[in-house]
Amino acid sequence: MKIKSPIILLSLIVLLAGLFMPYTTVYADGEDEFEVKVNVEEDPDTDCYDVGIEVYNKGKDFTGSVEVTQGHGNYYDQGTSTYLQDASLPQNNTKTISFQIPEEKTSYSSSSSSLGLTVVIRDSKNRKVYEKSFNNVLTKEGYRMDVALLSDSADKLAFMDCEGDDVWISTGLYSVKLNELKADNIVSELVNNKFLVINNYDTSVLSDEAVKTIESWVNNGGVLIIGTGDSMKTLSGFSSDFTGIKGSQGQGDGSLITQIVNDPFQMKVQYLENDYNNCNDFFVSGYGQIGYTRLYGNGSVNTLSFNLEDLENQPQINADEQAKKDEVKNVVSQLYDNARGNTNFVMDQPDINLDGNNLRNASHYMEKPANTRMGLMIPIILVYIVIIGPILYLILKKYNKREKCWIIIPGVALLFTVILFVFSISFSVKGIKLKTITMQAAGSDNVISLVEGYSANADVWTAKLDSKYYTGYNLYSWSASGTKTTFMKTADGLNVSYKPSSVFDEATYAVYGKTNRTGFFDIGGEPDTTIVNNTGQDFDYVIAYDYGAAYVMKDCKNGEKVSVSQHVRVINTASDFSSVMYQEYSNGNYDIASDYAAMQVVYNTVCDSGNASTSAPIIIGVRKSENILNCKDGEEVSYTCVYMK
């Protein structure tokens, strides 16, 4: 027996090791077989990082997958996001696998955990053969601002990119990219730019189509900067209704009057007489009036009384070359910021408060109460009373514990009822429950969709989005352990897989996409504020937020006008949306409750929980919409909104 015992013990150890070996992390020779490099570039058109995983396969031909996992960066984002691509890697070949990761995922923290990526390579049997972390490969350097140049000497305006430095535009830093336009590509290329600078150019040669394109672009939120200098030729192609300036140089009507302005460049500048009553004085560096801004639709026309080339060419007394360059960058930066003015300046994604709790807390009011099957529970409880109750009594009597009957029998009955109730809810929830809210800024073609889902089972579930979506990230999930959400881009769409840790385990994630560009809401003034829906979409509700109150108006078709009056429902805080939602839900009006739940989510997201600080109203259109997900055995409640800040 002394000899056999160690042998038996050793055999058990070997057996257990054999049983658990397939589940143990094994990298084989992955570290030696693969060389991996990570390349990251910002893509301001999608608000994403373009991540290229360059893999050199030193081993034999390989078929499997490459995963990129990014750590979470804020309190609400408790799960991780994994981006997956199938890959075939021939022997002794290098292949780059491309991913897009939202910048929003890394904008909350500068810690190495949130700025790092982990690359995992798995074989065709899903076994991990390579894993390595790459810290601090993601950097957030700001958004990009595309500026179109229309000039006979565009090369002399190269300094307007601020030498690569970021420019402060009202709410954030933006890197400037200059794009030269020609007369024959204005119609096709202008829409891709945020600013248009026309300087030292005779606009009278532009076609009618090009002029209409520029006017429409400004009306939809574009910012036009015109440098005039000693000539009015840069204004000659536009009407005074567009620029707000009448006359031309030499007519003697006072439209251009030469005067000297005390500025750091000692420039000869012009003072523009402008008959537009609502214009704003245009200032740069606080050195006098050098032009005017005219608000035009949702954009602005900014006419300067000097040649923009003079900004870099004027001499500066008692300043070295670097000081002069710094001053030029400062002036150009203010030029962009001031020209933006109070227009509805549309960047790629206007600032919104993406918070997974917003949708998660309201989502339960966007579905009808679960059927608890009380009809089935009643006979089961009666059986318990008739059979199990007496059996418990006999057992207690046998052990002479009858005095505990009044505690044990009711207690077990209560426990039994609670278990039945939970199981009845579980059985009544068929498939996956999904709620989606898609948000699009007016004038933009970018969309962000918030998706919340859960299932009565703890199995992995997958939803498929159409081809307009390209990436996403885990905004909220209950558990931080393990990979929770996986995004896989295919040729025909985006697959999102979620691995719950338990039944009814909820997850909320944000997905990014591109769709058709919208129009704008046009806002009228006193005495009664009106809103004209020119977005191209019909809405069930329009929310007008201004100075702490939100006015909710029903039904607004495209092209229709609605009035913001005291006769509509006034919502003062997000809790007021909750009150209406709760009241309607309690009364069994589940569709109305769902509408107000969706509006509360949008209100909290766009208006930043009602704490937005703005001198202009925020307009939000909300409607029920078609489903954006294709999920087997799933049910979806979907809303779409267009907002203008």
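Ile-387, Ile-388, Ile-391, Ile-395 and Tyr-399 form a nonpolar patch on the surface, and together they have about 470 Å² of accessible area. Patches are made of residues with over 30% relative accessible area and no salt bridge, like charges being joined within 9 Å and nonpolar side chains (Val, Leu, Ile, Met, Phe, Trp, Tyr) within 5 Å; a salt bridge is a side-chain nitrogen of Lys or Arg within 4 Å of a carboxyl oxygen of Asp or Glu. Accessible areas come from the Shrake-Rupley method with a 1.4 Å probe, and for residues only the protein chains shown count as cover. This is a predicted model, in which local features need pLDDT of at least 70 and side-chain atom pairs count only at pLDDT 80 or more, whereas totals for chains, interfaces and linings use all residues. Residues are numbered from 1 along each chain as its sequence is written, and side-chain values use heavy atoms, with hydrogens and water left out.

- Ile-395 is found in helix α9, which covers residues 374-398; helices (H or I, at least four residues) and strands (E, at least two) are DSSP runs, numbered from the N terminus.
- With a relative accessible area of 43%, Ile-395 is partly exposed, that is, between buried (under 20%) and exposed (over 50%), using a 1.4 Å probe and protein chains only.

**Thr-118**
- Thr-118 is found in strand β6 (residues 117-123) and counts as buried at 18% relative accessibility.
- Leaving aside neighbours within four places in sequence, Thr-118 is in contact (heavy atoms within 4.5 Å) with Glu-67, Val-68, Thr-69, Glu-131, Lys-132 and Ser-133.

**Whole chain**
- The protein chain has 12 helices and 33 strands, and 49% of its 645 residues count as buried.
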